[in-house]
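Open the model in your viewer and keep the sequence beside it. The stops below say what to select and what is there.

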Amino acid sequence: MVTPNYKIYLYLRNSRSNKGGKVPIYVRIRIQKDRTEFPSGQYIQSEYWDDKKQMVIRTDEAGTINKILEALKAEINQTIAQLYVSKSEVSIDNIRLLLKGDAVHEAHTFIQVAQEHNDNFEKQIGKKYSYGSYKNDKL
């Protein structure tokens, strides 16, 4: 299994400012050519954002917000590591599911799907299908 090539990027979404003039800090995760974006839940004035360092600067809340953002990045890194160690597919969908607390979708090979189809078809012999249909439809 190849080590996943990914990037976590924090940025301001200036088009979504609130009534107080604060803009949300968004998180972008990019794996190969796929990406996802979601809000971090933190809002700041745009003049307090350092785009190169991807952190809040020169404000009283900078320390708190930066710690929250670092914790979020650490959680994403831990999620990716968990997928890699468990030999699950490291994909945007699986990362989003794990971050939400849902179960990961397992990748199914054609052989697994065909075997499941044959098993289910075989259980229906005499109820819904005949043995001849099973024999002809068996993958």
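Which residue in β3 does Val 27 stand opposite? Select Val 27 and look across: the residue is Phe 38. This is a predicted model, in which local features need pLDDT of at least 70, side-chain atom pairs count only at pLDDT 80 or more, and totals for chains, interfaces and linings use all residues. Residues are numbered from 1 along each chain as its sequence is written, and side-chain values use heavy atoms, with hydrogens and water left out.

Next, select the strands (DSSP runs of E, at least two residues, numbered from the N terminus). Three of them make an open sheet, ordered β1-β2-β3, with antiparallel pairing; strands pair if DSSP finds at least two bridges between them. β1 and β3 are the edge strands, each pairing on one side only. From one strand to the next, the twist averages 20°. Between β2 and β3 there are eight bridges.

α1 lies across β1, β2 and β3 and runs at about 155° to β3. α2 lies across β2 and β3, at about 35° to β3. Axes are lines fitted to C-alpha atoms, for helices over the stretch in contact (heavy atoms within 4.5 Å); angles run from 0 to 180 degrees between N-to-C directions.

Last, select Val 56. Leaving aside neighbours within four places in sequence, Val 56 is in contact with residues including Ile 25, Ile 44, Trp 49 and Ile 65.

Technical notes. Helix = DSSP H or I, 4+ residues; strand = E, 2+ residues; numbered from the N terminus.
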